[in-house]
Amino acid sequence: MTSQDAANPLRQLVLKIHSRCDLLCDHCYVYQHADQSWRSRPTFIRPDTVRAVARRLADHATEQSLDSVSVIMHGGEPLLVGPTRLRDICAELTRTLSPHTALDLRMHTNAVTLNRRHLDVCKEFGVHVSVSLDGGRAANDRHRVDRQGRSSYDRVVRGIRLLQEPEYRHLFSGLLCTVDVTNDPVAVQDALSELDPPRIDYLLPHSTWDRPPPNPSGAETPYADWLLKVFDRWDQQGRPMPVRTFESVLSTLRGGPSLTEAMGLAPSDLAVIETDGTFEQADWLKTAYEGAPETGYDVFQHGFAEFASHEGVQARQLGIDGISDTCRRCPVVSSCGGGLYGHRYSSEQQPGIEPGFGNPSVFCGDLRSLVEGIADRVTDRSFAPAVLGGEQLQWAQLDLDRVLLRRAREQLAGGPDELEAWRLLLAADGDADTSPLLDEILAHPYVRTGLQRSLGGPPDTARFMALSVAVALWTGVRTSLSWDQHGTRLHLPALGTYRLDAPGRIEVTVAPGEFRVRESGASGGNTEETRIALDETDPSGRWRPLGRLWAKDGPLIDDADPYRDCFPVPVAPPLECGAFAERVIRGYELLDKDTSARHTGPDLFRPTVLTPLVHGSGLLLGAHGLGALGVAVDVRPEEFARELPRIGRRARLTALRETADLHVLGSPAGALLDQADEALGAAADDHRTARALTALTLLPEGELTVTGAVLVARMWSRWANARG
């Protein structure tokens with residue numbers, strides 16, 4: 001395995017379980033584009049192939065220590081395997097993978113033949129189902145007809161209505177819609193939203209420079225124009241459900257992760273296995289040329305590590321280094337990411353286009369126009385008091401945590417235990433005595449990380465329940481909560497980790513100063529209850545509390561939270577903190593001896609959580625700037641004392657950006673603010689600081705928001721004060 005593989009393990013598998021389809025969609029990348037390899041594939045996946053897939057994926061999950069993997073059953077049309085084969089496939093995957101990792105089973109279907117027998121299998125194994133539908137009847141049937149040319153609309157909607165029945169509703173993942181710019185965008189959004197899906201994903205039609213996307217109107221950016229009309233309608237509707245493309249742009253504009261492989265710079269973590277067991281790259285590469293997705297590997301002779309080492313797979317893991325020079329210079333590159341890899345292909349030299357995949361997307365103009373259009377629409381130009389100081393910034397951060405918590409709660413299935421947990425949190429928030437204690441838990445930075453990731457993917461019910469248990473313990477509230485726990489580590493944010501015997505159903509009972517854990521045994525009965533007292537040593541050895549650097553108000557050393565992996569380098573495994581703590585304490589002592597202005601004052605950065613990082617990492621901020629600090633396990637005290645004030649400025653700016661818009665999102669002003677902030681924090685030469693601040697001051701009117709203008713004015717004041 002290469003270092004690249006270790007850095008970017010494969011977490012998603014598209015498993016082709018049937019290679020034929022009961023529809024004849026004229027925009028399908030499997031049947032209607034350059035690669036026609038489906039013709040030589042087995043019609044359905046065979047049991048020995050499923051066993052080999054499951055075994056290889058379990059090995060990969062173990063080697064990479066993956067907490068979870070997703071398997072997306074695909075086709076062709078996966079429902080054509082029938083309920084019996086579908087159950088056999090799910091059972092084999094679950095049986096083989098569950099001892100090693102949490103399995104997230106999914107299926108993409110046209111829903112034409114979806115029935116209760118299919119859904120009973122999905123319910124048994126927790127298979128989440130996404131359905132392809134291109135809008136109302138006229139829009140959908142423009143492309144999605146059956147082999148006799150008949151409408152598929154009524155049959156698809158019938159399947160969706162069945163999926164929405166109370167016993168199956170929790171399995172419904174959302175709708176997939178391929179954009180056709182000849183359809184009315186508002187009518188399409190209205191038709192899809194009337195079906196009340198939990199999510200909508202708008203997909204650009206697969207195209208290349210050899211086969212450009214349809215543009216019947218001849219408009220300069222027809223796909224951006226179409227999607228922005230959908231965005232406006234979605235916004236008018238009150239954003240009733242997430243729309244993945246829009247949510248991804250909104251996330252990346254604010255410095256967050258991309259939520260779709262079609263945009264953004266995140267490394268690909270996807271593998272495809274066909275019905276015959278062959279490994280392929282992403283199957284939308286079939287749009288490029290015959291054999292484009294092939295790797296030469298199969299599950300009978302090769303593992304995921306070998307697949308991950310394939311040059312085509314690694315090309316999609318290079319981030320910004322894997323895109324064209326044109327894309328790297330583009331101001332919206334962090335949101336667009338150069339577009340989908342397959343959309344960059346050209347077979348021959350064209351003006352400004354090279355053979356191969358080293359080009360901008362064929363949708364380049366549309367993607368830039370879409371990102372800039374959304375940025376202009378959502379930039380908040382009102383004044384944010386958080387710019388004025390540390391206390392205001394902390395309050396703004398807590399407000400954001402509460403918003404994220406509410407949104408995460410809305411995504412949960414809403415069972416009785418989840419409702420009880422939510423009532424507990426509401427009660428804590430509404431009580432003047434316990435609300436500050438709730439704030440302390442919410443302020444733990446990895447709570448924010450967990451909430452944001454849950455919004456970007458499958459909701460993490462277990463994390464929500466563990467958070468509620470932590471709040472109950474912190475506030476002294478009696479409660480009893482049950483849920484399905486993935487993995488054998490129950491981590492209570494800001495408190496510690498409890499070791500379970502096995503994944504499965506657990507019940508946690510909380511009383512002041514203690515909690516009890518009861519697991520469901522292999523036979524379905526309950527095992528013996530274990531009591532943990534927070535102020536006593538645990539004789540069972542199951543409970544590992546987190547410690548602080550010194551007294552009760554010192555920074556927490558969190559080396560165990562599963563969401564602490566939000567740093568640009570790997571975190572260190574849980575460790576005995578003796579030598580690490582001693583070095584950091586010595587660093588604080590050196591810092592206290594320095595009375596210079598940059599080391600003192602009310603806005604001095606005081607991290608609340610320290611997380612050990614791998615050797616040689618220095619000091620780094622995580623995904624959220626206020627509170628968490630990653631510190632290399634081998635940090636020198638002198639390095640800690642020198643770097644903490646500098647990185648503190650970065651922490652405040654990062655946190656401010658999470659709670660306020662400083663400029664039009666995606667604007668070059670962001671880079672200038674970084675330059676000015678870095679120069680001020682590093683006590684750089686006056687000219688470098690002045691150049692950055694002058695460039696900010698001379699930006700076109702409206703480029704900076706009111707909050708951004710106040711921040712620049714405060715930077716000018718600090719610069720002037722530093723000069724004496």
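This is a predicted model: local features need pLDDT of at least 70, side-chain atom pairs count only at pLDDT 80 or more; totals for chains, interfaces and linings use all residues.
Trainee: How many salt bridges does a search of the whole structure find?
Mentor: The search gives 49 salt bridges.

Trainee: What does R137 form a salt bridge with?
Mentor: The partner of R137 is D154, and their closest N and O atoms are 2.8 Å apart.

Trainee: Turning to R328, which residue does its side chain meet in a salt bridge?
Mentor: The side chain of R328 meets that of D325, with 2.2 Å from N to O. The two residues sit 3 residues apart in helix α12 (residues 325-328), so about one helical turn separates them. R328 is partly exposed at 35%, and D325 is partly exposed at 46%.

Trainee: What about E643: which residue does it form a salt bridge with?
Mentor: E643 pairs with R646, the closest N and O atoms being 2.7 Å apart. Both lie in helix α21 (residues 637-659), 3 residues apart, which means about one helical turn between them.

Trainee: Is E643 buried or exposed?
Mentor: E643 is buried, because its relative accessible area is 17%, and buried means under 20%. R646, at 24%, is partly exposed.

Trainee: Which residues do salt bridges that share partners join into one network?
Mentor: That network consists of R642, E643, R646, R650, R657, D674 and E678.

Terms used:
Residues are numbered from 1 along each chain as its sequence is written. Side-chain values use heavy atoms; hydrogens and water are left out. A salt bridge is a side-chain nitrogen of Lys or Arg within 4 Å of a carboxyl oxygen of Asp or Glu. Helices (H or I, at least four residues) and strands (E, at least two) are DSSP runs, numbered from the N terminus. Buried means under 20% relative accessible area, exposed over 50%, partly exposed in between (1.4 Å probe, protein chains only).
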